[in-house]
Amino acid sequence: MIESANGFVFPNEMHVTWTVMIVLYPYITGMVAGAFIVSSFYHVFGMEKLKPIAKFALVSSFAFLCFATVPLLNHLGSPQRAFNIMLTPNFSSAMSGFGFVYSFYMIIVILEIWFCYREEFIEKYTNSGNVLKKIYYLLLLGNTVQNENTRKYDRKIVVFLAGFGIPVACILHGYVGFLFGSIKANLWWSTPLMFIIFIFSAIVSGLSVLIFLYQLIHWMRKKEIDQRCYELMAKWLWGFMIIAVILELMEILSISYENTERWAVLKQLINGKLWISYVVMQIGLFSIVPFLMLTFTSLLKLNNRIKNILIFCSSGMLLLQVLFMRWNVVIGGQLVSKSMRGFTEYFPGYFDKEGIIVSVIIILVPFLMLRLFDSIFPFFHKKKVRRIFFSEYE
Amino acid sequence: MLKDKKHIIAIFSVIIIIIFIGVIAGIFFSPESFGKYGHYRWNANNENASLKMVNQNINTCKECHESIYQLHEKDAHYSVPCVDCHGAGNLHVEFHKSGDSTNISAKQLAVMPKEFDFEGCLYCHRKLKARPADFPQVNQEEHYKFLHITDSKTKCIECHNPHEPIFLLTDVKQSRIHPIINRCTECHSKNPEKSFKEVSDHPAIFECKDCHKEVVNDFNQKPHHKYIDCRTCHLYHKENETTGRIYKNGNAKFCLLCHEKKPFKDEKYPPKIDWPSHIGNLSILQKSDEKICLSCHSEQIHKMDLKVKENPHPKNWRPEHKDFAKEKPEMCKRCHTTNECASCHLKNKPQTHNDSWLKGHSIAGEKNKTSCDFCHKQNSCNSCHKVVMPHPKGFDELHKEVVSQKGREVCMKCHKENFCGQCH
């Protein structure tokens with residue numbers, strides 16, 4: 001591909017080094033943190049209405065967590081070196097800091113899943129044949145004792161882990177925001193608001209992906225959704241998306257009102273290179289439209305069928321909104337020259353190592369993994385009822 | 001109660017054991033010499049230093065590709081090493097030096113890349129405002145439009161030979177030094193009392209026409225001036241902030257860049273010829289550097305007897321230039337090559353070079369070696385001293401090798417017997 005530039009661009013800025021892989025990395029990490037926080041709504045804050053989705057949220061978080069580092073490993077190459085940050089830890093490195101937070105968070109999620117699903121594991125251990133029985137026995141660490149006391153202790157530990165996991169999840173994704181926000185040489189990234197925006201957008205993406213998958217899975221399995229749970233999640237999504245979008249806009253407002261030299265170039269970036277991806281897509285189509293849709297579903301009394309369609313569509317749109325937000329942050333920041341007088345261009349290519357096809361695969365694999373996880377950690381109760389998607393069931 | 005907590009103890013024990021194993025693994029698998037002088041593996045320095053050189057030196061390429069080397073050295077790409085375009089070349093050299101032509105896989109690996117896409121050339125020559133203006137750069141779209149290239153996929157190498165990109169007739173390093181006039185003191189020895197505005201006929205910025213008025217005026221009457229300017233043919237290669245070299249090109253191949261018929265070019269514009277049938281055949285050329293096009297078409301370009309406006313030096317300059325040349329030798333060099341001084345100064349030995357000069361010349365040489373270079377060739381020190389003089393930076397570390405190769409006698413020419421003992 002022939003690279004091109006507008007204005008005053010230094011030769012070493014022609015090539016965008018942080019590619020679409022670095023867009024996917026905060027996107028997947030955001031879904032991890034968001035889904036975990038949603039699961040904690042039930043476990044820690046006792047929101048009984050969200051019980052049907054709590055386990056699903058936790059396992060989703062785990063599935064995305066397993067693949068959060070894949071874009072990074074693909075981008076950097078030599079994935080066998082990934083464990084070197086553990087063998088020779090450098091605590092003053094901002095980049096390796098993510099590795100430590102990630103590992104710690106992984107332990108918390110695995111522990112919480114283990115305690116949550118212990119009851120199911122014992123049940124499967126009891127009802128399984130030879131090989132499976134041994135696998136479940138190993139998974140249970142040889143302890144198959146189950147009574148009221150064990151359940152009570154497990155619940156307490158789950159509450160503790162979920163509570164402890166909330167700040168860790170916030171740190172996990174806030175840290176990603178910090179990595180960008182702390183790069184003072186980049187005009188588009190360097191803001192202390194960055195990690196706050198990242199945390200809220202993470203919750204939005206977590207809620208969106210759960211709503212989207214919850215509805216989709218139930219529709220495909222022809223099962224009834226829990227309307228109260230679904231509506232409550234939609235309301236939370238509405239609330240968090242308002243905060244996230246307002247923060248994103250307030251950041252721009254603040255930069256524009258300051259009207260320092262960086263606004264001169266960022267204004268051109270927004271009106272030029274990012275016009276479609278930022279103004280039209282991120283703010284226009286995928287923020288304002290789902291906001292209006294969720295406002296209707298939250299404030300107006302609508303038919304359940306219409307309500308569910310609107311919530312489903314808005315969750316899908318908000319998933320794209322967060323993806324566009326990541327793109328605009330990561331790629332947008334690199335399009336601006338350090339001279340503040342020019343812009344470069346970026347297109348990832350279709351079949352490149354860090355191209356569109358690879359990106360789509362990396363995005364889809366966690367969803368396929370989630371499908372596989374369902375056979376080990378069942379998310380929902382297997383209660384077959386009539387097909388409800390696009391149908392009324394009041 | 002404890003029985004009901006056993007599974008909790010078990011899972012946390014597993015986590016603790018894994019962490020413990022990790023810590024132990026960190027101790028055992030942490031590379032040797034890691035952290036000795038910082039957060040890195042110290043031994044990696046020596047390991048990397050002892051790696052076999054992959055990028056081949058241009059002199060290695062010269063051994064087999066002498067003709068290409070000569071072409072490359074004389075033209076504008078002389079400072080671009082072979083590896084920049086052709087890759088490291090280690091496998092290529094290894095295969096051809098081994099003399100084993102039966103090894104098919106080694107033969108395949110030895111093939112050097114020759115086909116280049118746009119990015120190969122545009123990496124350096126893409127038009128960027130941030131690049132120095134004197135650096136040759138091209139907007140591919142505009143360039144093709146200007147030359148009426150009909151096939152936008154035409155590669156640069158279809159016209160430009162990477163080894164000889166502008167077909168210079170004379171060696172690029174021998175091209176005429178031409179000054180850049182940015183400040184008053186670049187022509188005047190002192191800051192002038194008057195502003196240039198008060199001096200009639202004094203431009204603010206010197207352009208070609210200010211010194212070469214007659215030629216530029218003549219060029220402006222000719223058809224070429226509508227499409228190109230002076231620097232299209234007389235490319236300027238900046239060497240430092242005050243000087244550069246101007247290429248006075250007249251090679252037929254340079255004219256053919258625009259005027260040769262090619263399948264990817266528009267037939268009508270610019271006017272094109274079949275080459276070499278236009279001149280009959282190439283055998284009529286006496287020398288390869290003959291300015292064959294100019295012998296018939298110079299009238300369509302400009303007068304070829306280029307004269308500067310006037311001698312920029314004052315009338316009594318010849319007897320007075322000594323002090324100026326001593327004070328600002330670099331300024332003389334901007335227009336005059338060192339050979340020009342030597343053409344007069346070699347006739348008479350300087351007065352300072354008396355019988356005792358040989359003893360004390362080291363002090364003068366160390367202080368201002370450029371003054372020696374006016375008359376003496378750069379390697380003239382070497383003919384007596386057998387080492388680079390004055391000693392370059394970092395010689396302290398390298399001198400051991402020089403002593404072992406050339407013997408102590410070389411040192412003893414200048415240093416006393418006990419000199420080594422001062423440190424050792």
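**Terms and values**

Modeller: Chain A has a radius of gyration, taken over C-alpha atoms, of 22 Å. A compact globule of 394 residues would have one near 21 Å, so the value for chain A agrees. The globule rule is 2.2 Å times the number of residues to the power 0.38. The model is predicted: local features need pLDDT of at least 70 and side-chain atom pairs count only at pLDDT 80 or more, while totals for chains, interfaces and linings use all residues. Residues are numbered from 1 along each chain as its sequence is written, and chains are lettered from A and ligands numbered from 1 in the order in which they are written.

Colleague: What does the C-alpha trace of chain A span along its principal axes?

Modeller: The spans are about 70 × 55 × 35 Å. Chain A holds 14 helices and two strands; helices (H or I, at least four residues) and strands (E, at least two) are DSSP runs, numbered from the N terminus.

Colleague: What share of the residues of chain A count as buried?

Modeller: The share is 41% of the 394 residues. A residue is buried if 20 or more other C-beta atoms, placed from the backbone, lie within 10 Å of its own; 12 or fewer make it exposed, and values in between make it partly exposed.

Colleague: What makes a set of residues a nonpolar core?

Modeller: The members must be buried Ala, Val, Leu, Ile, Met, Phe, Trp, Tyr or Cys residues, joined through C-beta atoms within 7 Å. The largest such core has 114 residues, and L207(A) is among those with the most contacts inside it. Helix 1 (residues 20–43) of chain A gives the largest share of this core, 17 residues. A second, separate core has 10 residues, including F254(B) and I292(B).

Colleague: Which residues does L207(A) touch?

Modeller: Not counting residues up to four places away in sequence, L207(A) touches G34(A), V38(A), M233(A), W236(A), L237(A) and F240(A). A contact requires C-beta atoms, placed from the backbone, to lie within 7 Å.

Colleague: How many residues of chain B are in contact with chain A?

Modeller: There are 24 residues of chain B in contact with 24 residues of chain A. On the side of chain B that touches chain A, helix 1 of chain B gives the largest share, 11 residues.

Colleague: Why are strand 2 and strand 3 of chain B called paired?

Modeller: Two strands pair if DSSP finds at least two bridges between them. Strand 2 (residues 236–238) and strand 3 of chain B have three bridges, so they pair, in the antiparallel sense. K238(B) stands opposite G244(B), and H237(B) has R245(B) as its bridge partner. A hairpin of four residues joins strand 2 of chain B to strand 3 of chain B.

Colleague: How do you know that strand 1 of chain B pairs with strand 3 of chain B?

Modeller: Strand 1 (residues 176–179) and strand 3 (residues 243–246) of chain B pair over four bridges, in the antiparallel sense. R176(B) stands opposite I246(B).

Colleague: What makes strand 1 and strand 2 of chain B the edge strands?

Modeller: The three strands form an open antiparallel sheet in the order 1-3-2. Strand 1 and strand 2 of chain B each pair on one side only.

Key:
Two residues are in contact if their C-beta atoms, placed from the backbone, lie within 7 Å.
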